[in-house]
Amino acid sequence: MLFPQNRSLRDPHRLVVRLAEAFQALGGRIERGEVVGFDRSDRITALRLTDGRSLAADEVVLCAGAHTGRMSKMLGEPMPLETERGYHTQIMRPSISMGHSVIWPTRRSQDRSLFHDLRDVR
Ligand SMILES: Cc1cc2nc3c(=O)[nH]c(=O)nc-3n(C[C@H](O)[C@H](O)[C@H](O)COP(=O)(O)OP(=O)(O)OC[C@H]3O[C@@H](n4cnc5c(N)ncnc54)[C@H](O)[C@@H]3O)c2cc1C
């Protein structure tokens, strides 16, 4: 299947860096640390970090990827979140570049260009 309108990123890291820069330009602050707990009464009031800091918060978004389930347990509201392993083959710097993603349903695979490489995802 060819999806001419489908869009993908060749360099996802660059997008994330730009988003972080835009967030900071709008007044956002980026804090780094490992969350080990939450302070809450009738609502969440703060995050607790391994280095002993406590960060006040009005709202919290759980976006810890594969660790989100563990984090939700810390809140006493466990989410049944499981991770699945996928596989891909990456051809480093091939002599071709794909303008579109191609999905092959019967082989359950998808091919696309990523940065300078070509990735086959299964
Ligand atoms: C090798 C590999 C290849 C992949 N290839 C593809 C691909 O080609 N296409 C695709 O669509 N997806 C791919 N994925 C999957 C993709 O990376 C994830 O689906 C995606 O990153 C999930 O985004 P996320 O923001 O939810 O979580 P993540 O990107 O995992 O981010 C979660 C963040 O939370 C942080 N964190 C975790 N616990 C805590 C804590 N207690 N305190 C503070 N921070 C914490 C982590 O350090 C991390 O920075 C791949 C994954 C892997 C591992």
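**A walk through the model**

S4 and strand S7, residues 117-121, run antiparallel, and four bridges join them. Take His88 as an example. Its bridge partner in S7 is Val121. Keep in mind that this is a predicted model.

Now the sheet around that pair. How many strands does the open sheet have? Four, in the order S4-S7-S6-S5. The pairing is antiparallel. In general, strands of a sheet pair through backbone hydrogen bonds, either parallel or antiparallel.

Which strands sit at the edges? Strand S4, 88-91, is one, and strand S5, 102-104, is the other. Each of these pairs on one side only. From one strand to the next, the twist averages 15 degrees.

Next, the domains. The domain assignment of the protein gives two entries here: domain 1 covers 33-83, and domain 2 covers 88-121. How far apart are their centres? Taken over C-alpha atoms, the centres of domain 1 and domain 2 are separated by 36 Å.

Last, helix H1. It spans residues 12-25, which is 14 residues. From first C-alpha to last, H1 reaches 20 Å. That is close to the 20 Å expected at 1.5 Å a residue.

Is H1 buried or in the open? Of its 14 residues, the number buried is zero, so H1 lies largely in the open. Buried here means 20 or more other C-beta atoms within 10 Å of a residue's own.

One more stop. Just after H1 comes Gly27, with a positive phi of about 105 degrees.

Terms used
Residues numbered from 1 in each chain as written. Predicted model: local features only at pLDDT ≥ 70, side-chain atom pairs only at ≥ 80, totals over all residues. Helix = DSSP H or I, 4+ residues; strand = E, 2+ residues; numbered from the N terminus. Expected span 1.5 Å × (residues − 1). Buried ≥ 20, exposed ≤ 12 C-beta atoms within 10 Å, placed from the backbone. Pairing = 2+ DSSP bridges. Axes fitted to C-alpha atoms, helices over the stretch in contact; angles between N-to-C directions. Domains from an automatic or database assignment.
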